[in-house]
Every structure is written in structure tokens, then in C-alpha cells.
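Look at how charged side chains pair up in this protein chain. The report below follows a few such pairs.

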Amino acid sequence: MTFNTLKEVYDLSVAKFASKVVSTMHERETLTYTDFRERVEDLQKTLLEAGLSAGDKVALLSSSMPNWTVSYFAVTTMGMIVVPILPGFSSEEFGMILTHSESKALLVSDRLYSKVPKEIINKLNIVVRTKNLGVIFRGGDFQPGTPAVPQPDDTAAIIYTSGTTSSPKGVMLSHRALAYQIEGASDLFPIDETDRFLSILPMSHVYECSIGMLYPFALGATVTYMDRPPTASALLPVMRDAKPTIMLSVPLVIDKIYRSQVLAKFTKNPVVRWFYGFAPIRRGLHRIAGKKLMKVFGGELRFFGIGGAKLDPQTEQFLYEAKFPYAIGYGLTETAPLLAGKVPYKHALGSTGVRMKGVELRIADPNSTGEGELQAKTPSVMQGYYKNPEATAEAFTEDGWFRTKDSAIIDEQGTVFIKGRMNSMLIGPSGENIYPEDIESVLNSHTYVSESIVTEEDGKLIALVRFDYDQIQLKYQELKGYINDKTDQMARNLEEIADEVKKFVNERVASFSRIAKIEEQAEEFEKTPSMKIKRFKYDRSKKNVATKKTK
């Protein structure tokens, strides 16, 4: 199935699946494709009456709901450019994006509207409430705008990245780039109108937008949305009712489930922990846990896609041995996003699968082990960074390949193994490549570690660790209330934990990757809207960062 524009996707689906349910808000509303078309046409009329025309930018700042998709298609099918904004950005960043993108209209959910600077609101032609598509603010009287039929190479969306190393940049994606993701995803893992998606990620994240929204819309599948954050207590009844066949997630979600619901149960008892250390017994326990986990997810799941960051190896081993239908996708906002992927039950552990249909991949300047920068050519590559020609030029090689800035290996079977981000790579004492993400994966697999960042200071590796205080409290009951009452005994307990973690990681990594010091990160790590730690904030090699120390 080939599409060249999002309008082609829209026109085909609303005609072919007219009476079918396109989306639901759990326990609130259900929308057929015909209902969807009527809402799109009403919103288009509202935007045109506010003076917007083809080529104008319309910002979309909203929590997940059926009307998010309505808004997206209403804008893009008239030749306007949608600017989806991650809800996790700050108020200042909202203002910056609206100004930099030159957006003339804002489609916004109630909670986020109050976070948009009023001086920015007053400069817009119109503000529309996504909950009911009613007008909140109109800037004046305008001559009606003019729509246009979008062409494949017209810009469809400008997506501002939540990069962990720099200020947000506006990625320009064409209709062709976004539409091609449907064909690529279908070749990797086909779906049909019997599939049921459960959406738990921000729709403004390109991974959720392309694979979790455009893909099911084009094939007649149904998507269920939640009206609250996807915490465990909120998810359970939704999964029970919706019985999803497809879900997309980030590693953080499944990591938490594994560590709190599986690993904790198998390691809290010394006897069970001893048996758990034997591979055959561990695999049997994982298989039992996998069956229970499938029931928790509604019992009909056939694809659990994981993307956005590296999956912890220990978590992946559990999913593999549990025969859980997990899949892993690799890509970037700049590639709309998928470049490679692996599907359920066809795994090379630690890999991100093989290249997508129509994608070319190469390793630039490989070392003796075949490792080097992964570069790509894909129909879904960006047109560039909006109003940033310098950054655009840096993103491509002289012969037109996109630079992912990820170090990788591609084996003889074409399987891609991502080693880490090149801009976070450290150099060992004898010139070795050290990827902090690999060490962090080992750190994060420890029972008492919640999150971590590895950095370099004075030529030594330092691990900033956010401890899992709930697990520590089980070991030292006197640590209850630790944050507000640090006694000498409590400090000694944490020193003991830090020593244990340091020994744990150094026994499992290469000699040149060993940690010299563990430091407690008492406060939550600062994260991007897509829940990645802002690594540059904790880079000791470039600037001093104040943290509270235990070791």
C-alpha cells in the first residue's frame, strides 16, 4: 500500500472505513470514520474563516484524545503545516516554539492552555480548544483563507525535538516522508481493521504519531486513548476493557514493570534468589511471569513496540525468555522515525533488527570491529531544520546521507546493533571507545538503582545514581523517611549500598569502563518531554554539576 500525501491517506480511509470506529476515549466517547470526517470539515471551516491558508503553520499542543488526530488531519489535508508540540516542554519553550515556527493558530487542550504565554496568544489569529473544537480566542476579523491540495514534497509537519544535548530544533517532514512510514511499517508488521491499538505515549512524539496514529488510521484499526497519565493503576482497567492487540511504549515503562513486578519478587527471598541464578530455572520462572503479564495486558496483545531509547539488556532477556510479543524500533525524529526494527519472536538479542523497506544504511569509517557512525538514506528523511541551514548542513554528508550520530555495527545478516550516541562517547586510557549507555544499563539493572548517568571527571568515570529508595527501605527499615531525616546511620547505609553497586557494575564491564566513584543523585534527573535524561546537564567533563554525595 503506497501513499504520497496525508490527504491520500485521509480520503481513502474515511471512504473505505466510513462506519468503522476509528478511535475511542476510554469510557467517554467513540468516533467512527464518518464522525471523524465531519469534525475535520468543521475545524477546517473554522481555520479558514480565521484567515489561514495553505502553507500557514498551526500549532497543536494537546493531551492525547480523538480530536488530536482530527486536528492533525484538518490542518495537513488543506496544505497547512502542523506543528505538534510535546506537552512536557516548559511554558518558555511553548512560547519559543510558537514564535520560531511563525504559527498563526493554536489548537490546545484545557490544561496546557494556561501554560502558554498570554503575549503569544494575543498575536495569534485563533485559538481552538481541542476538547470540543470550540473557539477560545479570535484575534480579529480576517479575509477567509485559501486551502490547497498538498503535494508529496510539501512540508506537512514541523516537529521540535526534545534533544538531550541541545536546544530544540524544528524538524521539517514532508507529506511523502510521513506517508512512507505507513508502507514501511506494513512491510515490517502488517495490521488490519481488526487490530486494536492502546495509545499511552504523547501523540506529538513522532514515534506515536507515525506508527501509533497514521498507521492504524490508514488500515482501519481502532485506537483507544486515556484521559489520564498511564500509571499502573490507570492502565490496568483500560487494558482489561480495551484488550489491545498493539501497543507502543518507551523502555521506561516495561523496565519498571520488570524490575518492580518480576525481578523484585524473584530476588527478595534468599532461597528464590539462589534458584533464580540458574539459567534453566530462571527461564521457567520468566515463562510463568510472561503468561501472567499477558493477562495483565488484556490477553490479546500481539505486538508491544519499544522505541525512543535503548532497552535494558536484562529487561530484554526477560521479555525474550517470557515469550512476550515485544518488538524494537530504531529511528529518529529526523527520519519520521523508523529506520530499522525487529518484530515479535524474531530476535537477535541486543539488536534493533534489520533496515526498513526502502531504507539504505551504511557504517561510515568503521574501525577494526566494524563499528562506526550509522548513516541512512530513506524516503522519510527530513527536509531540514526550520530556519537553521547550518544545522541542516551538518546533519548530512557531502554525498547526501543522513548522519544519525549513533555508533553502530551491521552484521553479515544485516542486523543493526546500536552501540551508543557518538556525542556522549568517552575515550578510555588507551583510546578505547566507552559508551556511557552500556555502563548505565548495567547500573540500572541493580535492585537498588532507579536511574543513572555516567560521566567523566579528571580522567575518571563517575556514576551519578538515583537510588530506588523503596527497595532500600526493604533492606534498611530505618531509612523510612530518609529524605527528611539523614542520620549518621542512614548515611552509612547508603555508603554500603554505593559500595555494593560499584562492585556490582565493575565486575560486569570491561576494565577500561570501570566506575571510580558512585555519587547519589538525591533529586530526580532533569528530563526531556520524551522522558530522556538531559545528559548535557550532568556532563562533568565540561562543567561542574552540584550533586549530593554518598561515596
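The side chains of R362 and D399 form a salt bridge, 3.0 Å from N to O. A salt bridge here is a side-chain nitrogen of Lys or Arg within 4 Å of a carboxyl oxygen of Asp or Glu. This pair joins distant parts of the chain, 37 residues apart: R362 sits in strand β17 (residues 360–364), and D399 in the loop between α14 (389–394) and β20 (402–410). Helices (H or I, at least four residues) and strands (E, at least two) are DSSP runs, numbered from the N terminus.

The model is predicted: local features need pLDDT of at least 70, side-chain atom pairs count only at pLDDT 80 or more, and totals for chains, interfaces and linings use all residues. Residues are numbered from 1 along each chain as its sequence is written, and side-chain values use heavy atoms, leaving out hydrogens and water.

Two further pairs follow, along with the one above.

| Pair | N to O distance |
|---|---|
| R362 and D399 | 3.0 Å |
| R302 and D195 | 2.8 Å |
| R196 and E300 | 2.4 Å |

How exposed are the partners? Buried means under 20% relative accessible area, exposed over 50%, and partly exposed in between (1.4 Å probe, protein chains only). D195 is buried, at 3%. R302 is partly exposed, at 32%. R196 is partly exposed at 28%, and E300 is partly exposed at 41%. R362, at 25%, is partly exposed. D399, at 43%, is partly exposed.

The whole structure holds 28 salt bridges. Some residues form a network of them: E457, K517, E519 and R540.
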